[in-house]
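Subject: Structure for you to look through

Hello,

Please find the sequence and structure below. My notes on what was found follow.

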Amino acid sequence: MNMNKAFSSQLHSSEFQQQLTHIVKQVMADADIKAFLQQHPDLSQDDVLQSLSQLLEYITQRDRLKKGIPTVAPGYAPRLAVHEKHIVVSYVPTQQLVDQINNEKLLKRITTIDMPADIKHATFNEYQKGAATRFAALHATMQFANNYLKDPHVYHRGLYLYGPFGVGKTYLMGALSRYLAENDCRSTLVHMPTFNVEIKNAINSHGVMKRLNAIKRVPLLILDDIGADTMSPWIRDEVLGVILQYRMQEHLSTFFTSNLTMTELATHLAYSAQGDSEPIKAQRIMERIKFLAQEIMIDGPDRRFNQNS
């Protein structure tokens with residue numbers, strides 16, 4: 001039998017017509033389809049029937065998406081439209097995909113160097129206030145953020161947060177970075193002890209200046225855990241000193257966290273691992289830090305093993 005004749009015969013069979021009628025009824029009874037057709041009263045019954053395959057595709061992919069089953073376009077939701085009297089299915093990003101893309105863009109505004117991966121997810125809302133000093137530090141940080149967002153091109157003095165281990169200094173700086181990122185501003189967080197080791201290792205590969213330039217020029221810089229290691233005179237003067245001098249001259253906002261007060265840091269910077277004392281050079285560093293940041297204490301219990309800081 002000729003294939004075309006066989007197919008034609010099947011199309012006109014009563015069984016096929018019954019199945020088609022059943023499918024059409026199901027499609028026309030669908031709430032989304034009914035609402036769509038009400039918005040397009042100019043479509044005739046023939047127009048709708050000729051677009052039956054598109055309507056079926058819409059229903060199938062919509063239902064798969066609702067059930068969490070993979071669709072023909074993962075991350076996209078079906079949407080009906082009319083083009084020259086024909087109903088067509090197009091695909092638009094789901095809210096989940098939009099949120100994912102926006103979050104990826106946000107995270108790219110936060111540069112971290114040797115910092116914990118989850119620091120980018122810190123928020124002001126999750127920062128546990130507790131002691132009065134924690135509230136004061138939070139208030140000062142948020143005040144800076146709001147002033148900075150009003151005019152990021154004007155110099156805004158940063159903060160020097162000091163206190164015991166685990167009281168939330170680093171977390172608060174992560175929250176600041178995320179808050180600024182949510183408002184299209186970039187920041188860089190650097191774990192200073194690890195960075196100091198890496199900068200020494202970069203000497204042989206002649207990569208010191210590249211690393212220094214990448215850090216000293218960023219719009220907002222956070223130097224985390226400064227004073228936690230013993231700095232060599234070269235790191236103190238040619239690395240930290242160069243970074244701070246540039247930022248002071250260019251009026252670039254800079255933050256610090258430390259377990260040491262500014263007075264204690266001055267003493268720490270004066271002594272090398274060999275026991276040499278250079279208080280004047282240390283004082284030069286401290287003058288730059290004092291120009292760049294206001295000293296604020298944070299105390300309280302160690303929260304490092306808590307869910308939030």
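Of the 309 residues in the protein, 41% count as buried, meaning under 20% relative accessible area with a 1.4 Å probe and protein chains only. This is a predicted model: local features need pLDDT of at least 70, side-chain atom pairs count only at pLDDT 80 or more, and totals for chains, interfaces and linings use all residues. Residues are numbered from 1 along each chain as its sequence is written, and side-chain values use heavy atoms, leaving out hydrogens and water.

The protein has 13 helices and 8 strands; these are DSSP runs (helices H or I, at least four residues; strands E, at least two), numbered from the N terminus. The C-alpha trace spans about 100 × 45 × 40 Å along its principal axes.

Now the cores. A nonpolar core is a set of buried Ala, Val, Leu, Ile, Met, Phe, Trp, Tyr and Cys residues joined through side-chain atoms within 4.5 Å. The largest one has 32 residues, and Y160, F256 and I289 have the most contacts inside it. Elements that each supply at least two residues of this core include β4 (158-162), α11 (233-250) and α13 (279-292). A second, separate core has 31 residues, among them L138, F144, L220 and F255.

What is F256 in contact with, leaving aside its neighbours within four places in sequence? Its partners are L159, Y160, L161, L223, I226, L244, I289, L292 and A293, where contact means heavy atoms within 4.5 Å.

Regards

Conventions. Buried < 20%, exposed > 50% of the residue type's maximum accessible area, 1.4 Å probe, protein only.
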